[in-house]
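Here is a short report on one protein model. Look at the structure first, then read on.

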Amino acid sequence: MFKAYKNKIITHAVEEGDLEALGVIFNSEYIRLKNVHEDPENYFKMAEDDVKKYVGSKKLKAIVHSHPKPPEPLRQGDASPTPSPSAKDMKGQLATNVPWIIAAKTHTGSWDYFDWGEHLLKLPLLEQPFRHGVLDCYEYIRRRRFQKFGEVLEQFPRDNGWWYDGEDLYIQ
């Protein structure tokens, strides 16, 4: 859905280096924004003026940010995981009710790019790559229920590796 913006988003992320890039897709244009978070190497925050200007507008198509650090293995000895949204990212996406996009540095040094949100419920079920929080087991069930019955199951934010922390989100 947002592939036309991929090069601009990744270029922005690369240019920000170790800082999280921030932008929006607004009125069919990618707009770079200033990340005003006090710890921009690990988080992003939109300036209050930008929140007022963009968030809640029907012209806002997506919120974009980067993960400039490759994801760490979940446990010692594990392979490096595929970049995915954090539970905090997922909460933000739900709160803004628009798709979010992440440009993420991988463990190989290349850049990955993905989006998530309710717009993905309509995508085909088969031949989709696994990505925690975007198309994982629960998201597959959500898509299936939506496509077969028109029912939208509630989304819930979760961090990758929750199963290592003794949680049982399948039961919850």
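## The second largest pocket

The second largest pocket has a volume of about 380 Å³. It is lined by 17 residues, and Lys3, Phe114, Asp115, Gln128 and Pro129 are the closest to its centre. Strand β5 gives the largest share of this lining, 4 residues. By class, the lining has 9 nonpolar, 2 polar and 6 charged residues.

Some terms need cut-offs. On a 1 Å grid over the protein atoms alone, a pocket is an open set of points with protein on both sides within 12 Å along at least five of seven lines; a cavity is a set where a 1.4 Å probe fits but cannot get out; lining residues have an atom within 4 Å of a point. Grid points are joined across faces, edges and corners, and a volume is the space filled by probe spheres set on the points. Ala, Val, Leu, Ile, Met, Phe, Trp, Tyr, Cys and Pro count as nonpolar, Asp, Glu, Lys and Arg as charged, and the others, Gly among them, as polar.

## About the model

This is a predicted model: local features need pLDDT of at least 70, side-chain atom pairs count only at pLDDT 80 or more, and totals for chains, interfaces and linings use all residues. Residues are numbered from 1 along each chain as its sequence is written, and side-chain values use heavy atoms, with hydrogens and water left out.

## The largest pocket

About 870 Å³ of space lies in the largest pocket. Its lining has 35 residues, and Glu20, Asn42, His67, Ser86 and Asp89 lie nearest its centre. β3, α3 and β4 each give two or more residues to this lining. Helix α3 gives the most, with 6 residues. Helices (H or I, at least four residues) and strands (E, at least two) are DSSP runs, numbered from the N terminus.

## The sheet

Five strands form an open sheet in the order β2-β1-β3-β4-β5, with mixed pairing. At the edges are β2 (29-33) and β5 (111-116), each pairing on one side only. Two strands pair if DSSP finds at least two bridges between them.

β1 and β2 pair in the antiparallel sense over 5 bridges. Here Ile25 stands opposite Tyr30 in β2. β3 (residues 60-67) and β4 (residues 100-105) pair in the parallel sense, also over 5 bridges. His65 has Ile102 in β4 as its bridge partner.

## The cavity

The whole structure has 1 cavity of 30 Å³ or more. The largest cavity holds about 70 Å³ of space. Helix α4 (residues 137-149) gives the largest share of its lining, 3 residues.
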